[in-house]
Amino acid sequence: MAQTFVQSTDDVVAFLRDQHNLIKDMFDDVLYASEPEARRKAFTDLRQLLAVHETAEEMVVHPRVRREVASGDTLVDARLEEEHAAKEQLSALEDMDIASDEFLEALKTFREAVLEHAANEENEEFPKLKREVDADDLKSMAAAVRAAEAIAPTRPHPGVESATLNFAVGPFASMLDRARDAISAALR
């Protein structure tokens, strides 16, 4: 798996914002790749980061927002709906011909949804989390997110958007995803 982690360790919000910026850049790498193999590599890296990033948010950040933030359930439920839709879109993209115009158009639509989702987190969820959780806890949460990403599935799994399901299903999905990724890489 490509190194997809950012270096910011100030707190979980800074870490996730840095990843959002990396994700934006990675979309450009896929969209503007000059040849199919370069696009495939860039898409694989993007898919892996998106999968581990969302899983970590679902396991660490969203449960804390539910507990600590007024109207946290409403905020988190809206983000989970977006994440579910994104996982379905990402799964569909995996099945497309990466060199096709159809793939590029679907990727552009997906990119807009992902960037909107990131903006919703940054504008609605993260500021409230920073207000309600002290600096030491935010730093601990960043470490927990990095740990969750290290063991998270590397492919989208629509329907697995809760912390409970991620803890129950995640390790098995991760093992299968990482084996599938290794076999795919070896066959290229």
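Q: What classes of residue make up the lining of the second largest cavity?
A: This is a predicted model. The lining of that cavity has 5 nonpolar, 3 polar and 2 charged residues.

Q: Which residues line the second largest cavity?
A: His20, Ile23, Lys24, Leu50, His53, Glu54, Val114, Leu115, His117 and Ala118. The elements giving two or more of them are helix H1 (12-31), H2 and H4.

Q: Which element gives the most to that lining?
A: H4, with 4 residues.

Q: How much space is in there?
A: About 50 Å³. The count is 2 cavities of 30 Å³ or more.

Q: Switching to pockets. What volume does the second largest pocket have?
A: About 200 Å³. Its lining has 16 residues, and Glu82, Glu83, Ala86, Val114 and His117 lie nearest the centre.

Q: Which elements give two or more residues to the pocket lining?
A: Helix H2 (36-68), helix H3 (72-94) and helix H4 (101-132). H3 gives the most, with 7 residues.

Q: And the classes there?
A: The pocket lining has 9 nonpolar, 2 polar and 5 charged residues.

Q: Back to H3. How many residues does H3 have, and how far does it reach?
A: H3 has 23 residues and spans 32 Å from first C-alpha to last.

Q: Which H3 residues are buried?
A: Gly72, Leu75, Val76, Arg79, Leu80, Glu83, Ala86, Lys87, Leu90, Ser91 and Leu93.

Q: What covers the buried residues of H3?
A: The cover includes H2 and H4.

Note on methods:
Residues are numbered from 1 along each chain as its sequence is written. This is a predicted model: local features need pLDDT of at least 70, side-chain atom pairs count only at pLDDT 80 or more; totals for chains, interfaces and linings use all residues. Side-chain values use heavy atoms; hydrogens and water are left out. On a 1 Å grid over the protein atoms alone, a cavity is a set of points where a 1.4 Å probe fits but cannot get out, and a pocket is an open set with protein on both sides within 12 Å along at least five of seven lines; lining residues have an atom within 4 Å of a point. Grid points are joined across faces, edges and corners, and a volume is the space filled by probe spheres set on the points. Ala, Val, Leu, Ile, Met, Phe, Trp, Tyr, Cys and Pro count as nonpolar, Asp, Glu, Lys and Arg as charged, and the others, Gly among them, as polar. The expected span of a helix is 1.5 Å times one less than its number of residues. Buried means under 20% relative accessible area, exposed over 50%, partly exposed in between (1.4 Å probe, protein chains only). Contact means heavy atoms within 4.5 Å.
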